[in-house]
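Let's take a walk through this protein together, with the model open beside the text.

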Amino acid sequence: MDAQIMTEPTPALAIETRTSPQPDFAATGDPALIELEKFNFWYGAKQALFDIDLRVRERSVTAFIGPSGCGKSTLLRCLNRMNDLIDGVRQEGSLRVNGQDLYGPDVDVVDVRKRLGMVFQKSNPFPKSIFENVVYGLRIQGERNRTRLRDACEVALKGAALWDEVKDRLDDSALSLSGGQMQRLCIARALAVEPEVVLMDEPCSALDPIATAKIEELIFSLKERFTIVIVTHNMQQAARVSEETGFFMLGKLVEFGKTDVIFTRPKQKMTEDYITGRFG
């Protein structure tokens with residue numbers, strides 16, 4: 001996960017402004033759900049993101065890659081305003097989701113976090129039952145009808161490919177689940193409030209290969225209903241699950257485009273060097 005305080009770029013790693021064009025969504029008829037224009041972000045006096053221009057298609061999987069501290073997780077947290085919880089942060093530029101400026105003066109931050117759900121690197125189930133974990137967000141929103149809660153729980157667990165494994169023990173503690181099951185439970189908890197976007201910050205970094213494969217299969221199925229943005233250090237994972245990939249370095253978006261192009265025919269030398277393992 002990115003460090004909260006970014007250092008200034010060193011002269012040896014001066015970064016060329018990105019010249020790669022954004023994917024032509026208009027030509028394919030694919031709408032851009034998330035749009036950033038000249039987006040900058042600071043932790044106190046330290047600038048962490050520099051002039052980010054980015055468009056994310058609706059119902060697609062977009063991966064952010066780059067070395068530790070490059071800004072990819074910072075940007076992910078900007079998307080649902082998790083960084084608001086840190087003192088001294090500020091941003092400039094435009095960040096829109098479905099046409100709405102997420103940093104506008106009249107925006108309800110709680111609603112933003114409902115619309116853009118977050119799944120963290122380390123699974124974080126609450127010390128409650130499996131059922132109560134899944135419906136926690138709905139209860140916070142005021143839902144009290146037991147039938148509606150149970151229906152929503154079943155739909156969310158099925159969406160997270162966990163229902164068949166836990167349907168007979170919904171009242172058991174969520175802490176009794178395996179690591180991979182806990183992560184899928186956290187995905188179910190995010191899905192229960194019916195978000196537009198699911199943000200995943202290195203969701204498989206603490207999982208074994210079998211659990212990782214299940215999460216990746218889940219991502220494939222979820223993109224039929226949700227827009228997914230995933231941060232990953234695993235370039236093979238980015239190549240497997242995403243349709244577009246953005247490469248970040250020292251707070252700048254060096255290159256963004258179709259995943260197969262980024263991994264086989266990158267336009268920037270720095271992207272090629274990272275993909276081929278020359279640094280990072």
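**A walk through the fold**

Phe64 has Val231, in strand S8, as its bridge partner. The strands involved are S3 (residues 61-65) and S8 (residues 227-231), which run parallel and are joined by four bridges. Strands and helices here are DSSP runs numbered from the N terminus (E, at least two residues, for strands; H or I, at least four, for helices). Before going further, please keep in mind that this is a predicted model, in which local features need pLDDT of at least 70 and side-chain atom pairs count only at pLDDT 80 or more, while totals for chains, interfaces and linings use all residues. Residues are numbered from 1 along each chain as its sequence is written, and side-chain values use heavy atoms, with hydrogens and water left out.

Now step back to the sheet around that pair. Six strands form an open sheet with mixed pairing, in the order S6-S7-S8-S3-S9-S10; two strands count as paired if DSSP finds at least two bridges between them. Strand S6 (116-119) and strand S10 (252-258) are the edges, and each has a single partner strand, so one side of each has no neighbour in the sheet. From one strand to the next, the twist averages 15°.

Helix H9 (residues 209-222) lies across S3, S7 and S8, at about 150° to S8. For these angles, axes are lines fitted to C-alpha atoms, for helices over the stretch in contact, and the values run from 0 to 180 degrees between N-to-C directions.

The largest nonpolar core has 51 residues, and H8 gives the largest share of it, six residues. Such a core is a set of buried Ala, Val, Leu, Ile, Met, Phe, Trp, Tyr and Cys residues joined through side-chain atoms within 4.5 Å. Buried means under 20% relative accessible area, exposed means over 50%, and partly exposed lies in between (1.4 Å probe, protein chains only). The members that touch the most others are Val134, Leu157, Leu185, Ile187, Met200, Ile219 and Leu222.

Leu157 sits in helix H6 (residues 146-159) and is buried, with a relative accessible area of 0%. Leaving out residues up to four places away in sequence, its contacts (heavy atoms within 4.5 Å) are Val134, Leu162, Trp163, Val166, Leu170, Leu185 and Ala188. The C-alpha atoms of Leu157 and Arg184 are 8.2 Å apart, although 27 residues separate the two along the chain.

A second, separate core has 32 residues, including Ile34, Leu36, Leu49 and Phe256.

Helix H2 (residues 72-79) is another stretch to look at. Eight of its eight residues are buried, so H2 is largely enclosed by the rest of the structure. Lys72, Ser73, Thr74 and Arg77 are among those buried residues, along with Leu75, Leu76, Cys78 and Leu79. After H2 comes Arg81, with a positive phi near 60°. Arg81 is buried at 12% relative accessibility, and forms a salt bridge with Asp84 at 2.7 Å, N to O. Asp84 itself is partly exposed, at 31%.

That brings us to the charged pairs. How many salt bridges are there? The count is 16, taking a salt bridge as a side-chain nitrogen of Lys or Arg within 4 Å of a carboxyl oxygen of Asp or Glu. One of them joins Asp53 and Lys38 (3.7 Å, N to O). Asp53 belongs to strand S2 (residues 46-57) and Lys38 to strand S1 (residues 32-43), so this pair ties together parts 15 residues apart in sequence. Lys38 is partly exposed, at 46% relative accessible area.

Asp273 and Lys269 give another salt bridge, with the closest N and O atoms 2.8 Å apart. Both are in helix H12 (residues 269-275), four residues apart, which is about one helical turn. Asp273 is buried at 14% relative accessibility, whereas Lys269 is exposed at 53%. Elsewhere, shared partners link Arg57, Lys223, Glu243, Glu244 and Lys258 into one salt-bridge network.

Finally, what about disulfides? A disulfide is a covalent bond between the sulfur atoms of two cysteines. With a cut-off of 2.5 Å between cysteine sulfur atoms, the count is zero. Cys70 and Cys153 are buried, Cys70 at 1% relative accessible area and Cys153 at 1%.
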